[in-house]
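Me: Hi! I have a protein open on my screen and I'd like to talk it through. Can we start with the charged pairs and then move on to the rest?

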Amino acid sequence: MTGERLLVPVSESSTLRNTVAYAVRNAVEGENRYDAVHFVSPASRRIAGEEYVESARELLDRVEVWAGEDLGEDDPDLTVETALIGVDAYLFSPGDYVELLAGYAEDNGIGSVLLDPEFNPGQNTPLLPPLEAELDGAGFSVETAPVERGTRRERLVRRASLGQFVLLAGLSYGFYLLIGGSLAAFDLVTGAISAGIVATVLWRISLTGPVRPGRLLARIARMLVYTPYLLYEIVVANLAIAYVVLHPSLPIDPEVVEFDAAVWSELPVTTLANSITLTPGTLTVDVTRQHFVVHTLTEGARDDLLDGGLERAVRFVFYGRAAARGPGPRERGDDGGEDS
């Protein structure tokens, strides 16, 4: 099969380094040899924001270095290509990723795909099984890299930096003074002591990632914009519920709806879930990864939820303005049914 090209979609994962090594060595020494290996990273700024796009670019730089190390001087005829794809596309379901990858493969004459067993772009719900099936159905030769996966164990205590300690101490100190409502010397001293104890005990447990001051300040600024928007939505929803309660016929239409939200990781998901609950007429019943189960009291509350105003606002806070322009659940074809 000399003369063929191999497509390898990549994302941050514990098995990526071994997948890159397998792709290069298989292209050079395997039964099916290739003239070129294309490492591509699907990264949509419309969903995950500009920060994720920049992280994807850095990832591709690392992949290129790794591939060069694995290739060495053994086969100078093998071409290694890297590409960032789908930056301005809307990527959510496995079908969106298959369409994007298929378009790239067609443009570059690629018929074979190698998948990292931990491929999970955008911190989305794991895509590998449906992605593999859809790529196979689209006519590609699909293989999952036979690399060893590490045993997943969630560690209670993580590695932490001084920045995380300072951030946690500062948040604890501010919260202490806010609750105490006093700036007397006694409160300032006891607050500092309490914050130091809290940070010492919890700094390796409570924070999940490194502190990036620029990104943190940008999110705080966007949160300050989000807060009055949320308060406005709460007031509007209160008026709507008051109308329903005071109406002689009590026009309620309770219904539980389910949808997948375009937010990732614990804090954005928690923020959206709490925002939905704080808005009268909707109550978050359950959340699994990105899958929300919400009780809605009226048809209007249900329509507002599926139109995605709160979801876009939360994406704005955590991913930036570009992500806020992405479609809501209804625009993605999610009508809130159990099969959504």
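**Salt bridges, a sheet and its helices**

Reply: Happy to! In this predicted model, Glu331 and Arg312 join their side chains in a salt bridge, with N and O 2.1 Å apart. Glu331 lies in the segment after helix 11 (321-324) and Arg312 in helix 10 (residues 309-319), so the pair ties together parts 19 residues apart in sequence.

Me: Is Glu331 buried or exposed? And what about Arg312?

Reply: Glu331 is exposed, at 55% relative accessible area. Arg312 is partly exposed, at 22%.

Me: How many salt bridges does the whole structure have?

Reply: The search finds 10. One of them joins Asp253 to Arg302, with the closest N and O atoms 2.7 Å apart. Asp253 sits in the loop between helix 7 (213-246) and strand 6, while Arg302 is in helix 9, 49 residues away.

Me: Which other residue forms a salt bridge with Arg302?

Reply: That's Glu255, where the closest N and O atoms are 3.7 Å apart. Glu255 belongs to strand 6 and Arg302 to helix 9, so this pair ties together parts that are 47 residues apart in sequence. Asp253, Glu255 and Arg302 are therefore linked in a network of salt bridges.

Me: How accessible are those three?

Reply: Arg302 counts as buried, at 7% relative accessibility. Asp253 is partly exposed at 35%, and Glu255 is partly exposed at 37%.

Me: New topic: strand 6. What sheet is it in?

Reply: An open sheet of three strands in the order 6-8-7, with antiparallel pairing. Strand 6 (255-260) and strand 7 (282-288) are at the edges with a single partner strand each, so one side of each has no neighbour in the sheet. From one strand to the next, the twist averages 20°.

Me: How many bridges pair strand 6 with strand 8?

Reply: Six, in the antiparallel sense; strand 8 covers residues 291-296. If you want one to look for, Val256 has His295 in strand 8 as its bridge partner.

Me: Which helices lie across those strands?

Reply: Helix 8 (residues 266-278) lies across strands 6, 7 and 8, running at about 155° to strand 7. Helix 9 (residues 299-307) also lies across strands 6, 7 and 8, at about 5° to strand 6.

Me: And the whole protein? How many helices and strands?

Reply: There are 11 helices and eight strands. Of its 340 residues, 42% count as buried. The protein exposes about 18,100 Å², and carbon and sulfur atoms supply 56% of that.

Technical notes: Residues numbered from 1 in each chain as written. Predicted model: local features only at pLDDT ≥ 70, side-chain atom pairs only at ≥ 80, totals over all residues. Heavy atoms only, no water. Pairing = 2+ DSSP bridges. Helix = DSSP H or I, 4+ residues; strand = E, 2+ residues; numbered from the N terminus. Axes fitted to C-alpha atoms, helices over the stretch in contact; angles between N-to-C directions. Contact = heavy atoms within 4.5 Å. Buried < 20%, exposed > 50% of the residue type's maximum accessible area, 1.4 Å probe, protein only. Areas by Shrake-Rupley, 256 points an atom, 1.4 Å probe, with all protein chains shown as cover. Salt bridge = Lys/Arg side-chain N within 4 Å of Asp/Glu carboxyl O.
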